[in-house]
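Biologist: Could you take me through this one, a topic at a time?

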Amino acid sequence: MTKEEVKHVGKFFKKFIILLVLLFITDRIIGTLLENAYKNAPQGDIKTFAHSITDPTEDIFIYGSSRAVHGYDTRVFTDSLALSCFNSGRENSNILYHTSILDEMLKKHKPKVVVLDVSARELTWRSAENSKMVLASMILPYIHSDTSFANIARQLFPEELMKAQVSKIYAYNSMVLSLAVGKRKFNKDKNLNGYVPIHGTKITGKIPSFTDESDQTDSFAKQKFEEFVRTVKENNIRLYVIQSPLYVKHFNTTVSLDTIRSILNRYNEPFWDYGFDTAFYKKELFYDNLHLNSVGSELFSKKLVSDIKSDLEKNDPEILNHPQ
Amino acid sequence: MLFNSLDFVGFFFIITALFFILPHKYRWLLLLMASCYFYMDFIPIYILVLGFTIVVDYFAGIFIEKSAGAKRKWFLRMSIVANVGILGFFKYFNFVNDNITFFLKLFHFTNPITDLSFILPIGLSFHTFQAMSYTIEVYRGNQKAERNFGIYALYVMFYPQLVAGPIERPQNIIHQFYEPKKFNYEKAVSGLKIVLWGYFKKLVVADRISIYVNAVYNNPYHHSGKTLFVATILFWVQIYCDFSGYSDIAIGTAKVMGYDLMQNFKRPILGKSVAEKWNRWHISLYSWFRDYVYTPLSRGARRNKTKLLSYIVVIFLLSGLWHGANWTFIIWGAFSGLSVVVERLYKDKVKPQKYIPKIWMIIFGTIISFMVTALSCLFFRALNVKDALHIVKSIVTMKKGPLFKGSPPINFYYYIIAAALLIIVELFQEYLPQVKLINNKSVVIRYAGYIIILMVILLIGVFNGSQFIYFQF
């Protein structure tokens, strides 16, 4: 290198370091502001997640994807069973997400009943990947304060963890609008202990197919499902694994559902399938082909709660006799 | 290796540092080895395909230069046949075979030849065209045949532009490999600024919008006319940012090492007419078609307007086919070519500039060009012709239904913000170039600009390492 080149390199690195320092300071300042906004989120997914892992108190916890969020009316559970209920469902999530949340919740609180809504593609690779991203967006803000979350991140998405460790604001990627403006302004629907009703229907045209014959189960998702069932059993919590109603082309089973059934059989747990229950296979009960609307979810919740009640009366009446 | 991966960031810094540490005479070797590693990171075995075309064109160049008359032409033809043959085999074999199968089925025959099962070598269309431009330029006498095999291989394989262009010309790049490059602060910073803007386009705009576009275009039958319309408009912005983002990163990384690659995009979404839009879009490809196909064809048809216009359509059809072996690309090419021809005929016959003030010509021209291109992109993105026609019908009839906003709906605002940010910046660059952010003379504004862009990338960029759309070509 010539003297002139060395001079240029020196100038470059000097300015580059100045930029990095400025970037680091800005990152920490904005990151701290976002951290505060995150911890004080008024409602929505962030609040639901935070409640599930930091101050859970309810008797019944519901887990699942958006089909759980919009399909399980917590008010019906509380009114009919006289047990408090919280819907921990999360859009685009699958068993990877649910198992992680369950583990965190059990460190602080043991509910009496856990309801897990599964989809016919619950254990596929695609679901697992989506769920990983959702889980990452939720837990990255906690990695500095909670080692168990850092461990989950290390196991499931080490690259994301590394980025979040370098940049404080990276943990809030894609959340800035929710945090800056507040979830309420973008979502007119109420959040009722995690249950978010959606109204009306937008279904038009032919009934679509939901399943894909090329689907294969993801071994990690399968392992996580088994872990979920085992954890619930070990903690003596009553478990209900459900397929809630769908408005898609009829199918008998899928590789995910077969795997779920076989694991549940091993643990002597039932699988309740309302997927194509004729009582609910009506367009007017659905917002879209996969999600019940507010009318449908109330009807379905009533039916499910009635079935749970019968089951509890028969097999575990203690739960109903001693609400917390 | 994807530009939007941490691996690439590390790779780039290591190679650039080694490049300036090494003496000039070894740098080409470093770049060649780095390019091989970069390419083999995708599917290693395909380096053999690339190697084959490099060997063929290297010797073809020398033989063309040494020969005269018909022999010279014969060597050029041989080189073109080898290049097009490889491209045709890998890219079009299954397409042609599928169409033969379809045709035979109409007459109740079965096709005995089955489709081949392989993945298309990454960037095949790009480096094949770059290789062909070398032999053509040697044939035309504009470029001396390269005797150093390593330098020629580097011309085809130079890693910044190996897999998605710009498709370089030998006159522009080969001599640069011989020039001793010195680390230059201004050039390095200028290159990194281009890289930064490229990442912004890719991560904040293209990959963000792709979430919405994929959700809609992968299920077009479930969406309303207005959703499909919004997705179509957004796809135009997405593909522009995806591809030009790649080009910016390629141009910027090369610039840091002192190499100047050709400009590939000039804000095409602000093209004031359909024709102007194409002059600003994928400049290296369309100038390739212009120089090596259109110009030779049109030489014999100087006064025949019909022929000249039909050649324009031919060029666009070829460019459609270049993009992919699918009828959607062919329709996209035909639509694009016809829209240029219709616009030219309209301007020649009606002469709207006589009646409409210039400012309105610019505004209308920009909007019409934007909409026409967005509509043509519909064919580019649709999975098949049936889907494309359904989407067109749904948009034209404004098929009823709510506007899909994504899941969760708040994400919709990210798509809009991403597209709006891009358009605002490009409007400034186009019409108020004196207003600068990262090129501002004030150090405060310049650094604020860097930090704002980096913060926006960290806050709303998508870091899922998705591929660049043009890698498939």
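Predicted model: local features only at pLDDT ≥ 70, side-chain atom pairs only at ≥ 80, totals over all residues.

Biologist: What does the secondary structure of chain A come to?
Modeller: Chain A has 14 helices and 5 strands, where helices (H or I, at least four residues) and strands (E, at least two) are DSSP runs numbered from the N terminus. Its C-alpha trace spans about 85 × 45 × 40 Å along the principal axes.

Biologist: And how much of chain A counts as buried?
Modeller: Of its 324 residues, 43% count as buried; a residue is buried if 20 or more other C-beta atoms lie within 10 Å of its own, exposed if 12 or fewer, and partly exposed in between, with C-beta atoms placed from the backbone. Among contacts in chain A between residues at least 6 apart in sequence, 81% join residues at least 24 apart, a contact being two residues whose C-beta atoms, placed from the backbone, lie within 7 Å.

Biologist: Now the sheet: in what order do the strands of chain A come?
Modeller: The order is β2-β1-β3-β4-β5 in an open sheet of chain A with parallel pairing, and two strands pair if DSSP finds at least two bridges between them. β2 (85-87) and β5 (271-273) of chain A are the edge strands, each pairing on one side only. From one strand to the next the twist averages 20°.

Biologist: How many bridges join β1(A) to β2(A)?
Modeller: There are 3 bridges between those parallel strands, and A:I62 stands opposite A:N87 in β2(A). β1(A) also pairs with β3(A), in the parallel sense over 4 bridges, where A:F61 has A:V114 as its bridge partner and A:Y63 stands opposite A:L116.

Biologist: What about β3(A) and β4(A)?
Modeller: Strand β3 (residues 113-117) and strand β4 (residues 238-243) of chain A pair in the parallel sense over 5 bridges. A:V113 stands opposite A:R238 in β4(A), and A:L116 has A:V241 as its bridge partner in that strand.

Biologist: Which residues of β3(A) point which way?
Modeller: A:V113, A:V115 and A:D117 point one way and A:V114 and A:L116 the other way, and all are buried. In a regular strand the side chains alternate between the two faces of the sheet. Strand β1 (residues 60-63) of chain A is likewise covered on both faces, with A:I60 and A:I62 buried on one side and A:F61 and A:Y63 buried on the other.

Biologist: Switching topic, how many residues does each chain bring to the contact?
Modeller: Chain A brings 32 residues and chain B 27 residues. On the side of chain A that touches chain B, α1 (3-39), α8 (158-166) and α9 (176-181) of chain A each supply at least two residues, and α1(A) gives the most, with 10 residues. That side of chain A divides into 14 nonpolar, 12 polar and 6 charged residues, taking Ala, Val, Leu, Ile, Met, Phe, Trp, Tyr, Cys and Pro as nonpolar, Asp, Glu, Lys and Arg as charged, and the others, Gly among them, as polar.

Biologist: How do α2 and α6 of chain B cross?
Modeller: The axes of α2 (residues 24-40) and α6 (residues 149-157) of chain B come within 9 Å and cross at roughly 45°; axes are lines fitted to C-alpha atoms, for helices over the stretch in contact, and angles run from 0 to 180 degrees between N-to-C directions. α2(B) and α6(B) are therefore oblique to each other, since angles under 35 degrees count as roughly parallel, over 145 as roughly antiparallel, 65 to 115 as roughly perpendicular and the rest as oblique.

Biologist: Which residues meet there?
Modeller: Among them are B:W28, B:L32 and B:Y39 in α2(B) and B:I151, B:L154 and B:M157 in α6(B). By class, the contact of α2(B) with α6(B) has 10 nonpolar, 2 polar and no charged residues.

Biologist: Last one: B:H282, buried or exposed?
Modeller: B:H282 is buried, with 24 other C-beta atoms within 10 Å, and lies in the loop between α10 (274-280) and α11 (283-299) of chain B. Its phi is near 40°, a positive value in a residue other than glycine. B:H108 has a positive phi too, near 60°, but counts as exposed, with 6 C-beta neighbours inside 10 Å.

How values were computed
Residues numbered from 1 in each chain as written. Chains lettered and ligands numbered in written order.
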